[in-house]
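Try each one before you read the solution.

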Amino acid sequence: MNGNLKIAIQKKGRLTEKSVELLKLCGFDFENYSERLFVSARNYPIDILFLRDDDIPEYVKDKVADIGIVGENVVLEKQTQTVTLEKLGFGRCSLLLAHPNDKELNSLSEINGKTIATTYPRILTNFLKKNDLNANIIELSGSVEIAPSLGVADLICDIVSTGNTLMMNKLKKSFKVFDSEAVIISSKDKLDDEKKNKILKDLLRRIRSVLSARSSKYLMMNIPKDSLKKITEIIPSLKSPTVLHLADENMLAVHAVIPSDKFWSIIEDLKKAGASGIILLPIENMIA
Ligand code: ATP
Ligand code: MG
């Protein structure tokens, strides 16, 4: 026990790269995993544990790790007693019910009596219960998408992000069970170590600032002096932009932080209002 805060992340898989990137953006300097079970950051009192994603909720519950980064789908399926501290905006996917292309399924009630193959039996059981449905669940450990073509199941319930796997297996979406993304979890009990508590607070503050910077962009442009009011109205959530004078007295420079996803929907309006030399920059960090 070195007093460091222990963070569990996925050793090798879809969440690994983004989890490592997030921790590095928080300013933590550490060697990239390779074959190690855990590494300590060089410049901060944290240890990073590399684990199978399925094991992360249990290790966090048992306090082998203080916090963990894992998909909500895994947290929900494992039903371990953990608390979600923050949603992280990556690893997005949906748990879907899907059926063969050549079959029709128009209402949820048609699921009654059917057989569904899944690696998520607990989430599926809850979903069926909630919707007052009765179906047979076949629990598989992987490759559920081939179950209908093998004649083992009528439907599947599986994680989908692009839908390519469904398409390749001649399946289509029937109904959505829920949307998932990567989250940070901790044990239900508060950390009883004062030092670790401080580290956790600081780490969460850093993560939140990285996340809010990611969802914002820094917009710079030149505008005719008399269109300032119009431009201010176009830019979302802008109360008081930074306005700078230019050598040309009829022009102003306007700088503002905007939500990343709004840029393309306002660019034409900005141009129409006379904006030129529009530059959009990424923001590395944003402290509230
Ligand atoms: P491990 O070896 O750690 O058990 P795994 O094979 O169970 O890995 P991955 O396929 O690497 O898991 O997926 C990890 C997580 O990534 C999933 O639990 C889910 O939250 C998320 N995810 C995002 N998109 C997808 C997708 N298309 N298919 C599966 N998982 C996805
Ligand atoms: Mg797994």
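**Exercise 1.** Which residue lies over the face of phenylalanine 30, and at what distance from the ring centre?

*Solution.* Keep in mind that this is a predicted model. Start at the ring of phenylalanine 30 and look over its face: you'll find lysine 24 there, 4.8 Å from the ring centre.

**Exercise 2.** Find the largest nonpolar core and work out which element gives the most to it.

*Solution.* Step one: the largest nonpolar core has 29 residues, and Phe28, Ile46, Leu88 and Leu203 have the most contacts inside it. Step two: list the elements that give two or more residues, which are β1 (5-10), α1 (16-25), β3 (46-51), β4 (67-71), β11 (182-187) and α6 (194-214). Step three: pick the top giver, α6, with 7 residues. Apart from this core lies another one, with 17 residues, including Leu124, Leu128, Val177 and Phe178.

**Exercise 3.** Leaving aside neighbours within four places in sequence, list what phenylalanine 28 is in contact with.

**Exercise 4.** Describe the aromatic pair of phenylalanine 263 and tryptophan 264, then decide whether each residue is buried or exposed.

*Solution.* The structure holds 2 aromatic pairs. In this one, the ring centres are 5.0 Å apart and the planes make an angle of 75°, so the pair counts as edge-to-face, for which the angle must be over 60 degrees. Now check accessible area: phenylalanine 263 has a relative value of 6%, so it is buried. Tryptophan 264 has 69%, so it is exposed.

Methods: Residues numbered from 1 in each chain as written. Chains lettered and ligands numbered in written order. Predicted model: local features only at pLDDT ≥ 70, side-chain atom pairs only at ≥ 80, totals over all residues. Heavy atoms only, no water. Core = buried A, V, L, I, M, F, W, Y, C linked by side-chain atoms within 4.5 Å. Buried < 20%, exposed > 50% of the residue type's maximum accessible area, 1.4 Å probe, protein only. Helix = DSSP H or I, 4+ residues; strand = E, 2+ residues; numbered from the N terminus. Contact = heavy atoms within 4.5 Å. Phe/Tyr/Trp six-rings, centres within 6.5 Å; stacked < 30°, edge-to-face > 60°. Lys NZ or Arg CZ within 6 Å of the ring centre and 35° of its normal.
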